[in-house]
Structures are given as structure tokens and as C-alpha cells.
Amino acid sequence: MGSVTLWMQISLDGFAEGPDETVHWPVVDEELCTEYLSELRQADVLLYGRKTHDIMSAFWPTADLTPVSPFYVEFARFWRAVPKLVVSRTLRDPAWNTEVLGAGFVAEVRRRKAAGQNIALLGGAETAATFIEHDLVDEYRLFVHPMLLGDGVPLFRSPVDTTGLCLVNVLTFDSAVVQMHYRHPERMLC
């Protein structure tokens, strides 16, 4: 059996997006991204909502052409090569090894999990909320940023039963971002 791991940047007050759906507020430095990459390499496929995919596909395909650092080169090459899924009703011709999942995406994700695929869900907030609502998330990797947005799109829109989650680990980065990694013990070993 495969799994779905939700990777989400959130503010200290629980917002996955700021006011007006802004996502430029997270502190994403090289230390944080290096941790991302080492963990993301274990996924069989990356899954995005359409808006997050648009952001990623506008930057990463050519980020290694004028590299800022060796990390950008490494991540850009990884991103182009890894299979990607996008949940969208409007996207028609994605590039960069990407497949669009339409209205039946919940059933398709369940099928892929049953077939043993490990899926890294990287956003956005709407897609994450739907996965949570349909109980598709097996692991949570929440990157809590030291800021209060005060408003925006919350990650958890309705109460979530967290009594069954077990804490796998907590990492603190120099940027004061804290990664909290939780699993459903009945689905995965803690």
C-alpha cells in the first residue's frame, strides 16, 4: 500500500495562504529546501493543485540555467524528471512530465495508493483541504513559519481528529521554521 504525505507551509496561526490567496510569505531558504529535496526523493510522484503547479512550472524548469546555488541546479533537475500530477478542471496541456487529474481525482489517488505509489502532496490549500476531507492523508509534514498572518486560507477548515496521529519528529531550522512530521499509526509505522 502506498501513501499520501501532505507537505504544507503554514503560518503560526494555521493559514496555508495569506489574505487574497498570497503565498509569498513563507521563509524558504536553502537549508529548508535541502531537507525538502532529500525527503521528496522518496516519493514516486508529486501532486499539486493547479495554482501551486503554475507557480512551480513557471520557475523550476529553467532554474538551473542561471543557478543561484548548487541546490537550485539539483532541485530543478529533480523537478523536471519526477512524475507530477495536477488536480485541475482547466489545465489541458501540462509539460514537464505532468499528468492532469480531473473531477475523479479522489478515486484515482485511492487507486494509486492501492497500487503502492507514494505521493507527495505539495499544495495548494484547496487541494489539501479536499484530501483531508476525504481522509486521503497518511502523513503530515507541516512547516510552521514564525509569523502571524491574521487572515487567509486556513489549512484545517473544519475540526480534524488528531487523536490518532503520532509524532514522528520535529526539526527546527536556522530560519526558525519548525517542521512537524505526523503519521496515522493505523496506516503506517510510527
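Me: Strand S7, which way do its residues point?
Reply: Glu-139, Arg-141, Phe-143 and His-145 point one way from S7, while Tyr-140, Leu-142 and Val-144 point the other way, and all of them are buried. Keep in mind that this is a predicted model.

Me: Which way does S7 pair with S1, parallel or antiparallel?
Reply: Parallel, and there are seven bridges between S1 and S7. To pick out one spot, Met-8 has Leu-142 of S7 as its bridge partner.

Me: How about S10, parallel or antiparallel to S7?
Reply: Antiparallel this time, with six bridges joining S7 to S10, which covers residues 178-183. Leu-142 turns up here too, standing opposite Met-180 in S10.

Me: Switching to helices. Which residues are buried in H2?
Reply: Thr-52, His-53 and Met-56 are buried in H2. They sit on the same side of H2, because they cover an arc of only 100° around the axis.

Me: Why would residues a few places apart in a helix point the same way?
Reply: An α-helix has 3.6 residues a turn, so residues three or four places apart end up pointing the same way.

Me: What covers those buried residues of H2?
Reply: The cover includes strand S3 (45-49), H3, strand S4 (84-87) and strand S5 (98-101).

Me: New topic, pockets. How much space is in the largest pocket?
Reply: About 840 Å³. Its lining has 30 residues, and Gln-9, Val-28, Thr-52, Ile-55 and Met-56 lie nearest the centre.

Me: Which element gives the largest share of that lining?
Reply: H2 does, with five residues. Elements that each supply at least two residues include strand S1 (3-11), strand S2 (15-17) and helix H1 (30-40).

Me: What classes of residue line the largest pocket?
Reply: There are 20 nonpolar, five polar and five charged residues in the lining of the largest pocket.

Me: And what's the volume of the second largest pocket?
Reply: About 400 Å³. The second largest pocket is lined by 17 residues, with Arg-50, Val-87, Arg-89, Glu-126 and Thr-127 nearest its centre. H2 and helix H5 (125-133) are the elements giving two or more residues to that lining, and H5 has the largest share, four residues.

Me: What classes does the second largest pocket have in its lining?
Reply: Four nonpolar, eight polar and five charged residues.

Note on methods
Residues numbered from 1 in each chain as written. Predicted model: local features only at pLDDT ≥ 70, side-chain atom pairs only at ≥ 80, totals over all residues. Heavy atoms only, no water. 1 Å grid on protein atoms, 1.4 Å probe; cavity = no way out; pocket = protein on both sides within 12 Å on 5 of 7 lines; lining within 4 Å. Points joined across faces, edges and corners; volume = space filled by probe spheres on them. Nonpolar A, V, L, I, M, F, W, Y, C, P; charged D, E, K, R; others polar. Buried < 20%, exposed > 50% of the residue type's maximum accessible area, 1.4 Å probe, protein only. Arc of directions from axis to C-beta. Contact = heavy atoms within 4.5 Å. Pairing = 2+ DSSP bridges.
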